[in-house]
Amino acid sequence: MAAPTSPTLKDLPKVAPDVKSELEGFTPDKLKHTETQEKVVLPTKEDVQQEKTHNALLQGVEGFDADQLKKTETQEKNRLPSPDEIQQEKTMQTHLDGIEKFDANKLKHTDTVEKNPLPTADDIKTEKSA
């Protein structure tokens, strides 16, 4: 493996002059010291068990032998409606057509008469006295 070489000046990317001056004036003394904390999260017992179950399922699917299956023939049955069912459907359709084509202008005009089932004042007086 060859040792890495520094790029030439013409290979370096162009940098804005203000950024270039900041980079040239940079010293590592200005950096703050920080502690690096590495966090390693180990899987829980449930996670390990779930992964084992998943892997076992995948192995079972991959190792499945299709020769163990039995040959079957599918019988498709198209059940035709009986004459009674056809007649019911036709009757239902004629009712729906009649409702859709109904003309409200052919109705006769009627006046509604409201009846008051409440007793009169005289009836109330006679019941109170009784």
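Helices here are DSSP runs of H or I of at least four residues, numbered from the N terminus.

**Figure 1. Overall layout of the predicted chain.** The model shown is predicted. Along the sequence, the chain reads α-α-α-α. Its secondary structure amounts to four helices and zero strands. The C-alpha trace spans about 115 × 70 × 45 Å along the principal axes. The radius of gyration is 46 Å, whereas a compact globule of 130 residues would have one near 14 Å.

Figure 2. What share of the 130 residues is buried? Buried residues make up 0% of them. The chain exposes about 14,700 Å², and carbon and sulfur atoms supply 55% of that area. Among the side chains, 19 are positive and 26 are negative. The centres of these two sets of charges lie 2 Å apart.

**Figure 3. A nonpolar surface patch with Val15, Val19 and Leu23.** These three residues, Val15, Val19 and Leu23, form a nonpolar patch on the surface. Together they have about 250 Å² of accessible area. Valine 19 belongs to helix α1, which covers residues 17-24.

**Figure 4. The salt bridge of arginine 79 and glutamate 85.** How many salt bridges does the count come to? The count comes to one salt bridge. In this salt bridge the side chains of glutamate 85 and arginine 79 meet, at 3.1 Å from N to O. Arginine 79 has a relative accessibility of 65%, so it counts as exposed. Glutamate 85 has a relative accessible area of 32% and is therefore partly exposed. The cut-off behind the two labels is that exposed means over 50% relative accessible area.

Figure 5. Helix α3 runs over residues 83-100 and contains glutamate 89. Is glutamate 89 buried or exposed? Glutamate 89 is exposed, because its relative accessible area is 59%. Glutamate 89 and proline 117 are 28 residues apart in sequence. In space, the distance between glutamate 89 and proline 117 is 45 Å, C-alpha to C-alpha.

Note on methods
Residues are numbered from 1 along each chain as its sequence is written. This is a predicted model: local features need pLDDT of at least 70, side-chain atom pairs count only at pLDDT 80 or more; totals for chains, interfaces and linings use all residues. Side-chain values use heavy atoms; hydrogens and water are left out. Helices (H or I, at least four residues) and strands (E, at least two) are DSSP runs, numbered from the N terminus. The radius of gyration is taken over C-alpha atoms; the globule rule is 2.2 Å times the number of residues to the power 0.38. Buried means under 20% relative accessible area, exposed over 50%, partly exposed in between (1.4 Å probe, protein chains only). Accessible areas come from the Shrake-Rupley method with a 1.4 Å probe; for residues, only the protein chains shown count as cover. Lys and Arg count as positive and Asp and Glu as negative; His and the chain ends are not counted. The place of a charge is taken as NZ of Lys, CZ of Arg, CG of Asp or CD of Glu. Patches are made of residues with over 30% relative accessible area and no salt bridge: like charges are joined within 9 Å, nonpolar side chains (Val, Leu, Ile, Met, Phe, Trp, Tyr) within 5 Å. A salt bridge is a side-chain nitrogen of Lys or Arg within 4 Å of a carboxyl oxygen of Asp or Glu.
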